[in-house]
Amino acid sequence: MIRFEQATVTYPGGVTALDGIDLEIADGEFVVIVGLSGAGKSTLIRTVNGLVPPTGGAVHVGDREVGQLSKRQLRSLRADVGMIFQHFNLVNRTTVLNNVLMGRLNRVPGWRSMLGMWGAEEIEVAMQALEVVEIVDKAYVRASNLSGGQQQRVGIARALAQQPTVLLADEPVASLDPPTSHSVMRYLQKINREMGITTLVNLHFLDLAREYADRVIGLRGGRLVFDGPGAEADEKVFEQIYGRSLTADDVLEAEAAL
Ligand SMILES: Nc1ncnc2c1ncn2[C@@H]1O[C@H](COP(=O)(O)OP(=O)(O)OP(=O)(O)O)[C@@H](O)[C@H]1O
């Protein structure tokens with residue numbers, strides 16, 4: 001379980017990105033976090049793997065309190081929490097398989113991975129992760145030769161190769177076209193349902209949030225302003241979360257039609 005208790009993040013410049021968040025996320029939930037740019041979505045998910053420590057209150061992941069961990073415990077937490085990025089963050093000049101193996105870095109001794117001495121077991125885990133996102137046939141292709149959607153699937157496979165208990169996805173479809181966005185969301189949903197991995201996804205588009213989320217969390221100015229089932233997150237709810245009327249930019253299908 002992930003638990004926020006009055007979690008607050010004030011950055012060194014003085015901006016309060018999270019302001020007293022109380023939230024519990026049960027194991028296996030699929031949660032979509034929505035809010036305008038600057039609402040605190042990235043900050044919220046980054047507190048879960050300790051990339052951003054809370055400056056007030058606490059964030060617990062299982063029995064670990066994120067802000068209180070030693071370096072070694074933080075490494076172990078990050079091994080259990082996979083992350084997927086908007087711009088994929090792949091190493092373009094190497095193969096898909098090598099990129100996915102990077103998900104194993106936290107699980108094998110440093111010297112072996114530095115020498116590229118991956119064992120058969122690691123390669124098997126990486127190949128299985130590629131199978132989940134149906135891209136095994138690209139294992140020996142350079143990452144730079146893939147389309148955006150394929151690169152994001154490799155990003156998902158790299159996170160899966162960690163064998164995480166939690167997946168964080170920060171605007172995973174913001175750089176993709178609508179059909180590819182749906183495909184990536186379906187992979188995330190399938191992974192959540194079939195593997196039981198707790199999944200937190202930051203999204204901007206209301207139609208995607210409504211379609212895929214079991215639960216929607218709305219943030220505004222660092223505060224939690226909505227928490228309910230995806231099906232209940234209608235336009236009215238979004239207008240409350242955003243504090244303004246919706247525009248075509250807020251709906252993937254409307255954007256696609258422009
Ligand atoms: N490293 C940082 N240092 C200082 N301020 C930051 C830092 N990161 C984020 N902020 C500020 O904190 C607030 C919340 O940012 P955050 O990135 O969490 O929001 P967001 O909802 O994810 O928006 P976006 O989608 O634009 O990233 C913003 O005002 C932002 O400018």
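My entries take the sheet, then the helices, then the ligand.

**Ground rules.** I am working from a predicted model, in which local features need pLDDT of at least 70 and side-chain atom pairs count only at pLDDT 80 or more, while totals for chains, interfaces and linings use all residues. I number residues from 1 along each chain as its sequence is written.

I looked up the strand order and found an open sheet of 6 strands, 6-7-8-3-9-10, with mixed pairing; strands pair if DSSP finds at least two bridges between them, and strands (E, at least two residues) and helices (H or I, at least four) are DSSP runs numbered from the N terminus. The edge strands, pairing on one side only, are strand 6 (81-84) and strand 10 (223-229). I then checked strand 3 (residues 30-34), which pairs with strand 8 (residues 198-202) in the parallel sense over 4 bridges, and I noted that Ile33 has Asn202 of strand 8 as its bridge partner.

**Helices on the sheet.** Helix 6 packs on the sheet and touches strand 6 and strand 7 (166-170), its direction making about 170 degrees with that of strand 6; contact here requires C-beta atoms, placed from the backbone, within 7 Å. Helix 7 (residues 178-195) also packs on the sheet, where it touches strand 3, strand 7 and strand 8.

**Helix against helix.** I looked up helix 6 with helix 7 and found that their axes come within 10 Å and cross at roughly 15 degrees, with axes fitted to C-alpha atoms, for helices over the stretch in contact, and angles running from 0 to 180 degrees between N-to-C directions. Helix 6 and helix 7 are therefore roughly parallel to each other, the class for angles under 35 degrees, whereas over 145 is roughly antiparallel, 65 to 115 roughly perpendicular and the rest oblique.

For helix 5 (residues 120-132) and helix 6 (residues 148-161), the axes come within 8 Å and cross at roughly 135 degrees, so I record this pair as oblique. The contact is made by Val125, Ala126, Ala129, Leu130 and Val132 of helix 5 and by Ala157, Leu160 and Ala161 of helix 6.

**Ligand.** Which residues surround the ligand? I listed Tyr11, Gly13, Val15, Ala17, Gly35, Ser37, Gly38, Ala39, Gly40, Lys41, Ser42 and Thr43, a residue being near if its C-beta atom, placed from the backbone, lies within 6 Å. The largest share of this shell, 3 residues, comes from helix 1 (residues 41-48).

Note on methods: Two residues are in contact if their C-beta atoms, placed from the backbone, lie within 7 Å.
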